[in-house]
Amino acid sequence: MSTLSLLKQDFAAVFERDPAAVNRVEVFLLYSGWHAILSHRIAHALLKRNVPVLPRLISQLSRFFTGIEIHPGADIGGAFFIDHGMGVVVGETSEIGHHVSLYQGVTLGGTGKERGKRHPTLGDHVVVGAGAKVLGGIRIGDNVKIGANSVVLKPVPDNCTVVGIPGRIIHKQSNDFPESALDHTSLPDPTMERFQALYREMEKIKRELHPTAEGEAPPEGDEDASSRP
């Protein structure tokens, strides 16, 4: 797919996923996420043609003006969208599928000084919430949603939601995920769910061991030894 075709998809994605985007001129001139993607498409095309220095220069200038750092070597599919975007980092060997959305503060990074494939691969229709970190040469499957501030260190299969530190997988049954943004207000909290289950189990055990603990009268004839003559 040509660079121009990818840019057309990226520009259309802004209006599909950002309810504040209503004016094409405003988006083209003032949206930092769009500017970062535009700069990356140019830098990546130059890098593939073995142009030295210039791709990285474009990347650094884009970082200075937008606060978004995308390495020219990152391979990004069409309809890519960055919402707000300040603090977003996309590493050199990252691979991003089609219709992917990143929110501010997202890092697609490495875990150390390893060489080769050291940044994540994201499938199609992936949404990564604000402040989330996806680290290492792992694969994130299609239709995956990653909650805000999650830290993902292990591969994630298709059709899942990931939350927490470290990221915990919540499996979904449906293969048909909506295109809408991640609903952070309804994300599950597996840690709290386990605490609640443990609390219920402890209460059950207490009732079994101490059936009179809730103020029940002792069985008739069972007087306290201290009251006997």
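**Chatting through the strands, helices and cores**

Colleague: Which residue in E10 is the bridge partner of Gly109?

Modeller: Leu135 is the E10 residue that bridges to Gly109. Bear in mind that this is a predicted model. The strands involved are E7, residues 107–109, and E10, residues 133–135, and three bridges link them in the parallel sense.

Colleague: What sheet do E7 and E10 sit in, and in what order do the strands come?

Modeller: They belong to an open sheet of five strands, ordered E1-E4-E7-E10-E13, and the pairing is parallel.

Colleague: Which strands are at the edges there?

Modeller: E1 (69–70) and E13 are the edge strands. Each has a single partner strand, so one side of each is left with no neighbour in the sheet.

Colleague: How many bridges join E8 to E11?

Modeller: Two bridges, with E8 (residues 121–122) and E11 running parallel.

Colleague: OK, over to E14. Which way do its side chains point?

Modeller: E14 covers residues 160–163. Cys160 and Val162 point one way, Thr161 and Val163 the other way, and all of them are buried.

Colleague: What does E14 pair with?

Modeller: One partner is E12, residues 145–146, in the parallel sense over two bridges.

Colleague: Where does Asn159 sit, and is it buried or exposed?

Modeller: Asn159 is in the loop between E13 (151–152) and E14. With a relative accessible area of 9%, Asn159 is buried, because the cut-off for buried is under 20%. Its backbone is worth a look too: phi of Asn159 is near 60°, a positive value in a residue other than glycine.

Colleague: Is Asn50 buried or exposed?

Modeller: Exposed: the relative accessible area of Asn50 is 66%, and anything over 50% counts that way. Asn50 is in the loop between H3 and H4.

Colleague: How do H3 and H4 pack?

Modeller: H3 (residues 32–48) and H4 (residues 54–66) pack at an angle of about 175°, and their axes are 8 Å apart. That angle makes H3 roughly antiparallel to H4.

Colleague: Which residues make the contact?

Modeller: On the H3 side they include His35, Ser39, Ile42 and Leu46, and on the H4 side they include Leu54, Pro55, Ile58 and Thr66. By class, the H3 contact with H4 has eight nonpolar, five polar and no charged residues.

Colleague: Going back to peptide geometry, which residues does the cis peptide bond join?

Modeller: Ile165 and Pro166, with omega about -10°. Pro166 is in the loop between E14 and E15 (168–171).

Colleague: Where's the hydrophobic core? Which residues have the most contacts inside it?

Modeller: The largest nonpolar core has 28 residues, and those with the most contacts inside it are Ile70, Phe80, Leu102, Val128, Ile140 and Ile146. H3 and E14 are the elements that give two or more residues to this core. Apart from it lies another core of 10 residues, among them Leu7, Val27, Tyr31 and Phe81.

Colleague: What does Leu153 touch?

Modeller: Leu135 and Ile138, leaving aside residues up to four places away in sequence. Leu153 is in the loop between E13 and E14, and at 44% relative accessibility it counts as partly exposed. Leu153 and Pro120 are 33 residues apart in sequence and 9.4 Å apart in space, C-alpha to C-alpha.

Colleague: Last one, overall numbers. How many helices and strands are there?

Modeller: Five helices and 15 strands. Of the 229 residues in the protein, 39% are buried. Among contacts with a separation of 6 or more, 35% are between residues 24 or more positions apart.

Conventions: Residues numbered from 1 in each chain as written. Predicted model: local features only at pLDDT ≥ 70, side-chain atom pairs only at ≥ 80, totals over all residues. Heavy atoms only, no water. Axes fitted to C-alpha atoms, helices over the stretch in contact; angles between N-to-C directions. Helix = DSSP H or I, 4+ residues; strand = E, 2+ residues; numbered from the N terminus. Parallel < 35°, antiparallel > 145°, perpendicular 65-115°, else oblique. Contact = heavy atoms within 4.5 Å. Nonpolar A, V, L, I, M, F, W, Y, C, P; charged D, E, K, R; others polar. Buried < 20%, exposed > 50% of the residue type's maximum accessible area, 1.4 Å probe, protein only. Pairing = 2+ DSSP bridges. Core = buried A, V, L, I, M, F, W, Y, C linked by side-chain atoms within 4.5 Å.
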